[in-house]
Amino acid sequence: VPETVEEALNSNYGKEWWKAMQAEYDALLENCTWELTELPAGQKAVSNKWVFALKRNEHNEIERFKARLVAKGCSQKYGLNYTETFSPVVRYETIRMIFAIAAEYELYLHQMDVSSAYLNSELDDEVYMKQPAKFVDSQFPHHVLRLRKALYGLKQSGRQWNFKLDKILKGIGFQSCNSDPCVYI
């Protein structure tokens, strides 16, 4: 798995990695993740990185090439482009308890994954990011991206996703438990 864009594009699978990068970029545009703008005075644009992964099938054959654009949250400044980062995480004891109850009463458990979960949540903070490698707008090469949606890697992304999910679950009648706010009934 390549570590850099250059390594990916210069590899034997360069075309496949490019298609994966293009698919990710198109999905981010379709999701209205950002807007191209000038960097306001007093602001600093965070960097970003392409992260690559291979998805393999049960025979260890390459099934899919995946590229994800992530923000380098380590370059964020408290009070400037984020304030709060806390979001609750389910307790291991809760997970074990749910498994034990399901086993005792012979219940079926189902799990699901929300695709690109963080991109479903809006940002409250004003965050600017540099344009990603190989996708710099030729008409506005010095512009930056004002993020509208939480992007993987930002310090506040988990918190923003939790707010969004909590609002949706409560909106359809669920209540969070006092003992574990990540469990809804």
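Which residues of the largest nonpolar core touch the most other members? I found Trp-34, Trp-50, Phe-52, Met-129, Leu-147 and Leu-151, in a core of 25 residues. Before going on, I noted that this is a predicted model, where local features need pLDDT of at least 70 and side-chain atom pairs pLDDT 80 or more, while totals for chains, interfaces and linings use all residues. Numbering runs from 1 along each chain as its sequence is written, and side-chain values use heavy atoms, without hydrogens and water.

Core entry. For me, a nonpolar core is a set of buried Ala, Val, Leu, Ile, Met, Phe, Trp, Tyr and Cys residues joined through side-chain atoms within 4.5 Å. Buried is under 20% relative accessible area, exposed over 50%, and partly exposed in between (1.4 Å probe, protein chains only). I looked up which elements give two or more residues: α1 (5–9), α2 (14–30), β2 (48–56), β3 (62–71) and β5 (144–147). The largest share, five residues, comes from α2. Helices (H or I, at least four residues) and strands (E, at least two) are DSSP runs, numbered from the N terminus.

Leu-147 entry. Leaving aside neighbours within four places in sequence, I see Leu-147 in contact (heavy atoms within 4.5 Å) with Thr-33, Trp-34, Leu-123, Val-127, Met-129 and Leu-154.
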